[in-house]
Amino acid sequence: MSSTVSPPASLGPAVLTGTPVVPGAAVGPVVRPSGAVRLPAESEAAVPQADREAEKARYRAAAELVAERLSARAAASTGVSAEVLSTTAGIARDRALRTTAEQRIEEGVPAAVAAVQAAQQFMDMFAALGGLMAERVPDVRDVRDRLVAELTGQGEPGIPAPDVPSVLLAEDLAPADTAGLDPARILGLATRLGGTTSHTAIIARQLGLPCVVGVGGLDDVPVGATVLIDGEQGTVTVDPEPAKARAQVDAARLAAEALAGYRGPGRTRDGRVVQVLANVQDGAGARAAADAHAEGVGLFRTELAFLGRAAEPSVDEQATGYAEVLAAFPGRKVVVRTLDAGSDKPLAFATPPDEANPALGVRGLRVARRNPRLLERQLDAIAEAAARTASTPWVMAPMVATVPEAAGFAAAVRARGLVPGVMIEVPSAALHAERLLAHVDFLSIGTNDLSQYALAADRLSADLAELTDPWQPALLELVALTAGAGRRAGKPVGVCGEAAADPLLGCVLVGLGVGSLSCATSAVARVGARLSTVDLTACERAAEAALATDDPQAARAAARRVLVG
Ligand code: PEP
Ligand code: MG
């Protein structure tokens with residue numbers, strides 16, 4: 001998965017890529033862990049019988065010293081770091097490991113060789129057991145190296161403590177090494193091995209150190225070279241342009257500070273209000289969204305609660321469920337979407353069976369063509385929930401393609417004292433956004449389906465993921481068209497598809513003229529925090545730059561250049 005991009009010198013610094021693990025940026029000179037401990041040759045001369053007790057005592061003393069050092073570092077640490085260090089100390093003290101080593105020494109094997117053989121026995125056993133036990137293998141290897149270093153006078157292995165704040169590059173890191181990192185001296189780290197759940201990753205996360213793992217080509221970067229680690233993009237840039245690197249580090253620091261302090265409401269740095277809302281599917285989700293500082297609900301997917309149901313839920317049951325969501329945001333904006341049955345979300349009581357092409361079939365609002373009472377009963381239930389909670393929810397229809405569809409829906413919603421809107425998920429709706437707004441009070445762009453229908457690519461197809469990438473410039477053009485219609489009509493236009501969960505793209509959407517972003521609760525703070533670090537004019541320039549590109553990668557890069565540097 002990792003790759004190396006090494007352009008010729010004239011094209012700029014080499015950029016190595018890996019898996020991003022902890023966001024943030026760090027620049028500094030490279031340090032590496034002290035060289036590998038030299039393991040003793042198995043052929044070392046046998047220990048004479050008379051010296052074997054003393055050799056065992058030497059082994060025990062070394063094991064105790066290694067364990068004590070690790071325990072002392074555990075006592076000085078907290079959280080995962082402390083846990084990892086005490087686990088490793090426990091292995092150094094482990095009775096079974098010691099007994100195995102002492103048995104070897106009893107047979108005449110020197111203490112250092114006995115340490116290697118005993119550790120190997122345990123590593124083989126843990127590896128064979130697999131799962132969580134296999135994850136102990138690096139800890140045992142680390143203990144082995146420490147024991148051998150102690151017994152052979154090689155000095156304690158591990159991470160250097162550089163005088164100048166530095167960036168640590170390594171093949172892999174022993175858990176105890178990572179746990180003992182001092183963030184004042186080590187600003188970020190990258191390893192050639194390891195995955196997102198490795199110890200390195202877990203501890204880097206706890207320490208908040210920008211981290212990339214699985215980086216190809218890392219071995220060739222010399223100690224002392226300057227590198228820039230970008231834990232969001234998953235890159236290690238060798239000899240970066242100093243001003244650019246500084247700007248990137250500063251931007252990442254600002255983003256981290258903004259994220260930690262985000263409490264809403266959403267606005268750009270220069271004060272443009274942008275509501276940051278949540279996508280939810282039930283009352284529990286809505287309450288979690290309120291706790292995460294979402295300002296309201298931008299998309300309540302009502303169909304998700306009924307996916308497994310054979311029969312239509314009663315009006316009363318629906319009203320109870322809807323009221324729970326409304327009650328989580330008293331006096332705030334809640335946008336209820338009527339059932340989006342069909343295609344990827346079939347409902348047994350609403351979706352026609354055996355459609356040849358469900359994504360282009362009877363889904364969303366189209367269900368009401370065959371079964372108008374289903375929609376009416378749902379609108380009655382929403383009105384009932386509104387009455388029970390003394391609120392006025394906004395109500396929108398999915399999969400609207402034409403002006404008459406929007407007009408008919410709006411009339412039915414207004415008749416119940418609710419606020420009507422429609423989703424923009426079909427290119428025809430984006431093209432006629434202004435005409436739709438003659439009938440409804442707001443628009444919400446569903447970029448997941450809009451990209452599927454604009455690019456003619458199944459949103460669930462992994463093979464076509466590049467076509468449904470929300471950074472597709474043609475999709476952004478349709479967003480711009482819709483936002484422009486909203487501006488002219490003086491009516492709100494938001495985005496509630498996955499596009500709104502990407503903090504960088506969120507800024508671009510705002511630059512395109514969108515007034516609210518609704519995303520998964522887990523993304524609310526990231527999106528809101530990123531917005532708070534940029535000015536509206538920068539968002540507009542980023543939008544313009546992204547629109548001018550021909551593919552999603554170029555669009556992303558163009559927006560990054562404007563917003564990040
Ligand atoms: C969308 O299509 O972007 C959307 C928000 O609706 P869903 O993902 O539920 O189809
Ligand atoms: Mg949709």
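In which strand does Val167 lie?

**The whole chain**

What you have open is a predicted model, and its C-alpha trace spans about 100 × 55 × 45 Å along the principal axes. Of the 565 residues in the chain, 51% are buried, and the chain exposes about 23,800 Å², of which carbon and sulfur atoms supply 54%. If you draw the contacts with a sequence separation of 6 or more, 68% of them join residues 24 or more positions apart.

**Stop one: Val167**

Select residues 166–170, which form strand E5, and you will find Val167 within that strand. Val167 counts as buried because its relative accessibility is 0%, where the cut-off for buried is under 20%. Now show its surroundings, leaving aside residues up to four places away in sequence: Val167 touches the run Ala26, Val27, Gly28, Pro29, Val30 and Val31, together with Gly188, Val227 and Ile229.

To move on, select Asp316, which is 149 residues from Val167 in sequence and 60 Å from it in space, C-alpha to C-alpha.

Show H11 (residues 315–328) with H13 (residues 372–389), whose axes come within 8 Å of each other and cross at roughly 50 degrees. H11 is therefore oblique to H13, and their crossing is right-handed. On the H11 side the contact is made by Val315, Asp316, Gln318, Ala319, Thr320, Tyr322, Ala323, Leu326 and Ala327, while H13 contributes Arg377, Gln378, Asp380, Ala381, Ile382, Glu384, Ala385, Ala386, Arg388 and Thr389. Coloured by residue class, this contact of H11 with H13 shows ten nonpolar, four polar and five charged residues.

**Stop three: helices H19 and H22**

Finally, select H19 (residues 503–511) and H22 (residues 552–563), where the axes come within 10 Å and the crossing angle is roughly 85 degrees. Is H19 roughly parallel or roughly perpendicular to H22? At that angle H19 is roughly perpendicular to H22, because angles of 65 to 115 degrees are counted that way. Display the side chains of Leu504, Cys507 and Val508 on H19 and those of Arg556, Ala559, Arg560 and Leu563 on H22, which are the residues that make the contact. The contact of H19 with H22 divides into five nonpolar residues, no polar ones and two charged ones.

Terms used
Residues are numbered from 1 along each chain as its sequence is written. Chains are lettered from A and ligands numbered from 1 in the order in which they are written. This is a predicted model: local features need pLDDT of at least 70, side-chain atom pairs count only at pLDDT 80 or more; totals for chains, interfaces and linings use all residues. Side-chain values use heavy atoms; hydrogens and water are left out. Helices (H or I, at least four residues) and strands (E, at least two) are DSSP runs, numbered from the N terminus. Buried means under 20% relative accessible area, exposed over 50%, partly exposed in between (1.4 Å probe, protein chains only). Contact means heavy atoms within 4.5 Å. Axes are lines fitted to C-alpha atoms, for helices over the stretch in contact, and angles run from 0 to 180 degrees between N-to-C directions. Angles under 35 degrees count as roughly parallel, over 145 as roughly antiparallel, 65 to 115 as roughly perpendicular and the rest as oblique. A crossing is left-handed if the near helix is turned anticlockwise from the far one by less than a right angle, and right-handed if clockwise. Ala, Val, Leu, Ile, Met, Phe, Trp, Tyr, Cys and Pro count as nonpolar, Asp, Glu, Lys and Arg as charged, and the others, Gly among them, as polar. Accessible areas come from the Shrake-Rupley method with a 1.4 Å probe; for residues, only the protein chains shown count as cover.
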